[in-house]
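Colleague: I'm about to open this one for the first time. Could you walk me through a few of its contacts?

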Amino acid sequence: MRKDVIKGYVDQYGSEPEVVAYAPGRLEILGNHTDYNEGVVLSCAVDLGTSFAASVVDGVTCVVKDLRDGSERSFDIDSLTALTKGDWANYIKGTIIEMQGRGITIPAFNAVILSSIPMSAGMSSSAALEISTAYGLGKLAGVELPWVEWAKIGQACENNCVGARTGLLDQFSSIKGAENQLVYSDFRSLAVENIPLPAGTALVVANSMVKHDLTTEYNDRRDSCEDAAAVLARLIPGVKTLRDVSMEQLDTYKDQMDIISYRRAKHVVGEDERVWAGIKRLEAGDVAGFGKLMFESQDSSRINFENSCPELDQLVAIGKSLPGALGARLSGGGFGGISVHLVEEDQAERYARRLAAAYLNLTGKDPQTMICVAGEGARIL
């Protein structure tokens, strides 16, 4: 990809770029919609990502070309207030706005982007674009920031410029990924730890081919979680977010809150508990037990959080019936996108083929399946 993005830049602008930055997409392995509830997540960066190549130019006009589809955007670096809803350039403009808001002077630039992440699939192509842009422009501006601050810039772009009230999971995963390692993130302390993936396993990803727009559904789910936390905070001393609540406490005060808020909270509280249980099972070498938690997570997404869809349910059900299956669930915000499957490594290719064939037969949709590797985090190439 480094060679391709440099060639694309040379073809577009006639010289080599001053900087090439790269940020990977991510898979959420366990811990769904917990980040904005100050909970915990197990995720990983993947070996698919977005490259951003750029150079400083005179004047105030920036030009960015997407090498994947040939589309191009130009804008004034000093006038970024008018964002067009649904435009991919919002992620770049929003990143610039958030950097400028922190006192960073961004020069005008020419850039190209190139991504290998499926779009609108739940592998966080948006965070990969934000972080690669931030790293690249930070280099051009001569600025270095703590990694958490780069993550917050990406999150603020999503929250303030795109309109999705997301947490920090995607940016943390993209920045702190490590080869063959999971990323354990605690979104209260902002502590991150890498945990080895179980030996002899592989991650199979299946794209349901149902595209998702998270903005409305995501924000609705967040509102319900915050409503439940507010009720519990009035009833239980010390409660600030759903992170502070046990399942027993939640069930005790079930009748004090709206049934929808209760079900959303039940999913989030359960996910935190599954992450902590999952770490213990990985440490004990209980891969089958970890996979069982993934299946339980999917059930909760389907029943309690209602962020699955029939196609994702079918992918997980098919996977569960195949040789080599260890665990499977939706990955990311949901409402479409991808499922992630933990499988025995020597069965992975056959598993992926059979999963795709059965899904096509059931739905008429030809899914994109791939075997993903947990990879390194964002960096300047």
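Predicted model: local features only at pLDDT ≥ 70, side-chain atom pairs only at ≥ 80, totals over all residues.

Colleague: Which residue does R329 form a salt bridge with?

Modeller: R329 pairs with E28, and their closest N and O atoms are 2.7 Å apart; a salt bridge here is a side-chain nitrogen of Lys or Arg within 4 Å of a carboxyl oxygen of Asp or Glu. The pair links distant parts of the chain, with R329 in strand β9 (residues 325-331) and E28 in strand β1 (residues 19-30), 301 residues apart. Helices (H or I, at least four residues) and strands (E, at least two) are DSSP runs, numbered from the N terminus.

Colleague: And E28, buried or exposed?

Modeller: E28 counts as buried too, at 2% relative accessibility.

Colleague: How many salt bridges are there in the structure?

Modeller: The structure holds 19. Another one joins R222 to E226, with the closest N and O atoms 3.1 Å apart.

Colleague: How are R222 and E226 placed in helix α6?

Modeller: They are four residues apart in helix α6, so about one helical turn separates them. R222 is buried, with a relative accessible area of 15%, whereas E226 is partly exposed at 33%.

Colleague: Switching to helices, at what angle do α3 and α5 cross?

Modeller: The axes of helix α3 (residues 125-141) and helix α5 (residues 169-176) cross at roughly 60° and come within 9 Å, the axes being lines fitted to C-alpha atoms over the stretch in contact, with angles running from 0 to 180 degrees between N-to-C directions.

Colleague: Which residues meet there?

Modeller: A127, A128, E130, I131 and Y135 in α3 meet D170, Q171, S174 and I175 in α5, where contact means heavy atoms within 4.5 Å. By class, this contact has five nonpolar, two polar and two charged residues; Ala, Val, Leu, Ile, Met, Phe, Trp, Tyr, Cys and Pro count as nonpolar, Asp, Glu, Lys and Arg as charged, and the others, Gly among them, as polar.

How values were computed
Residues numbered from 1 in each chain as written. Heavy atoms only, no water. Buried < 20%, exposed > 50% of the residue type's maximum accessible area, 1.4 Å probe, protein only.
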